[in-house]
Amino acid sequence: MITAHGTDAPPEFRAVLDALGARRLRPEVTLREVPAPRRIAPWSVALTGEVEAPRADDPDLASGRFIVLHDPAGQEAWQGSFRVVTMVRATLEPEMASEEMLAEVAWTWLEDALRDTGAAVRAEGGTVTRVLSQSFGALAGKDNDVELEMRASWTPVPAG
């Protein structure tokens, strides 16, 4: 069950909590509710997620955070009364480190996912960061690690 701080949440925010709680996840994905930011909006909920690797001895494939903010009065920068904020970190194949278009492609993954779910959004923005870790000395034989981090936010447009 997904909750949020306070018990007198407006009906439109309670509907979001109900929708989040009803989502079915793939078996390799685990979600956990964590404390949500309290200063940005009067109502918020935050979830962390992990995508587990197929083998127990492999590191997790991805992790992230999903936050829904709600200010019934709206916020000008949001262009609405809700804001979704996400942060995803994923491990990639070492060959991806040299892909010049990696950030642009990753951003289109987000745009495609929103479109494929039928989500109408506005005021979307974010960053994509590629991290390449090379090992030296006693660790010189270790493969390079490549991580991609995407931070994104958007305002959902109500259906209607």
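Predicted model: local features only at pLDDT ≥ 70, side-chain atom pairs only at ≥ 80, totals over all residues.
## Helices on the sheet

Six strands build an open sheet. Their order is S1-S2-S3-S4-S6-S5, and the pairing is antiparallel. Strands S1 (29-34) and S5 (121-133) stand at the edges. Each has a single partner strand, so one side of each is left without a neighbour in the sheet. From one strand to the next, the twist averages 15°.

## The S3-S4 pair

Strands of a sheet pair through backbone hydrogen bonds, either parallel or antiparallel. Here S3 (residues 62-75) and S4 (residues 80-92) run antiparallel. How many bridges join S3 to S4? There are 10. Within S4, Phe82 is the residue that stands opposite His70.

## A nonpolar surface patch

Which residues form a nonpolar patch on the surface? They are Met101, Val105 and Trp109. Together they have about 280 Å² of accessible area.

Trp109 belongs to helix H2, which covers residues 102-116. The relative accessible area of Trp109 is 43%. Buried means under 20% and exposed means over 50%, so Trp109 counts as partly exposed. Membership of a patch takes over 30% relative accessible area, and Trp109 has 43%.

Methods: Residues numbered from 1 in each chain as written. Heavy atoms only, no water. Patch = residues over 30% accessible without salt bridge, like charges linked within 9 Å, V, L, I, M, F, W, Y side chains within 5 Å. Areas by Shrake-Rupley, 256 points an atom, 1.4 Å probe, with all protein chains shown as cover. Salt bridge = Lys/Arg side-chain N within 4 Å of Asp/Glu carboxyl O. Helix = DSSP H or I, 4+ residues; strand = E, 2+ residues; numbered from the N terminus. Buried < 20%, exposed > 50% of the residue type's maximum accessible area, 1.4 Å probe, protein only. Pairing = 2+ DSSP bridges. Axes fitted to C-alpha atoms, helices over the stretch in contact; angles between N-to-C directions.
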